[in-house]
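Please look over the sequence and the model shown here before reading on. The paragraphs that follow lead from the sheet to the cores and then to single residues.

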Amino acid sequence: MSFHKSTCIRFVKRRYHWSYLYFFPGWGCWSYLGRLGGRQPISLQKGGCVYRRTVQHEVLHALGFHHEQVRSDRDQHATILYQNIQPGLEPNFMKVSTNNLGTPYDYNSVMHYGRYAFSKNRQPTIIPKPNPNAVIGRATQMSANDIKRVNILYQCRGY
């Protein structure tokens with residue numbers, strides 16, 4: 001599902017816009033969280049990041065969305081195994097105070113990391129609750145909840 005088909009978010013060619021997303025083939029896949037103002041970089045490294053799910057993931061960051069596994073209600077839905085995370089990458093799993101927009105925790109979100117994300121020892125870093133075998137981090141596109149959140153936050157009507 002694309003932003004254009006499922007939300008009121010529209011991407012247009014930049015003409016005289018002061019604030020805009022700047023996609024470039026940088027090192028890795030990353031975006032800043034939320035609107036910065038001016039030129040907002042989104043890095044999409046060739047050969048590793050130019051996939052629908054990754055582009056949607058990074059654009060959702062730019063639109064203000066955190067990773068699913070850092071939601072304020074995360075501990076009810078997942079256990080983070082910090083002992084298995086590569087040193088220095090722990091902040092990617094630190095819970096934050098989030099506005100969940102009245103939507104449920106979503107294992108199918110394009111914003112959810114996989115079970116072995118940033119593992120230092122091939123052991124899981126995230127275990128779903130209550131079903132430890134639940135599939136996480138496999139989304140190939142925005143979930144219904146991802147779309148709903150965009151539409152709520154940006155007050156999209158009719159979507």
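In what order do the three strands of the open sheet stand, and what is their pairing? The order is β1-β3-β2, and the pairing is mixed; helices (H or I, at least four residues) and strands (E, at least two) are DSSP runs, numbered from the N terminus, and two strands pair if DSSP finds at least two bridges between them. Because β1 and β2 (29-31) stand at the edges, each with a single partner strand, one side of each is left without a neighbour in the sheet. From one strand to the next the twist averages 25 degrees. The sense of pairing between β2 and β3 is antiparallel, over three bridges, and C29 has L44 in β3 as its bridge partner. Helix α2 packs on this sheet and touches β1, β2 and β3, while its direction makes about 155 degrees with that of β3; here axes are lines fitted to C-alpha atoms, for helices over the stretch in contact, and angles run from 0 to 180 degrees between N-to-C directions.

The model is predicted, so local features need pLDDT of at least 70 and side-chain atom pairs count only at pLDDT 80 or more, whereas totals for chains, interfaces and linings use all residues. Residues are numbered from 1 along each chain as its sequence is written, and side-chain values use heavy atoms, with hydrogens and water left out.

In soluble globular proteins, nonpolar side chains tend to be buried together. A nonpolar core is a set of buried Ala, Val, Leu, Ile, Met, Phe, Trp, Tyr and Cys residues joined through side-chain atoms within 4.5 Å, and buried means under 20% relative accessible area, exposed over 50%, and partly exposed in between (1.4 Å probe, protein chains only). The largest such core has 17 residues, and F3, L60, L63, F65, V110 and M142 are those with the most contacts inside it. Two or more residues come from each of β3 (39-44), α2 (52-62) and α3 (144-153), and α2 gives the most, with three residues. A second, separate core of eleven residues includes A78, I80, A117 and I136.

Around F3 several of these parts meet. Leaving aside neighbours within four places in sequence, F3 is in contact (heavy atoms within 4.5 Å) with residues including Q56, L60, L63 and M142. Q56 itself lies in helix α2 and is buried, with a relative accessible area of 5%; its side chain reaches the backbone nitrogen of M142 at 2.7 Å. The side chain of T7, in turn, reaches the backbone oxygen of F3 at 2.7 Å. T7 sits in the loop between α1 (3-6) and β1 (20-24), counts as buried at 0% relative accessibility, and, apart from neighbours within four places in sequence, is in contact with I147, V150, N151, C156 and Y159.

Finally, the backbone deserves a look. Most residues other than glycine have a negative phi, and most peptide bonds are trans. The peptide bond from K129 to P130, however, is cis, with omega near -5 degrees, and P130 lies in the loop between β5 (126-128) and α3. L101, which is not a glycine, has a positive phi near 55 degrees; L101 is found in the loop between β4 (78-80) and β5 and is buried, with a relative accessible area of 17%. F118 likewise has a positive phi, of about 55 degrees, without being a glycine; F118 is placed in the loop between β4 and β5 and is partly exposed, with a relative accessible area of 31%.

Technical notes: A polar contact is a pair of N or O atoms within 3.5 Å; within protein, one must be able to donate a hydrogen and the other to accept it, and residues adjacent in sequence count only if both atoms are side-chain atoms.
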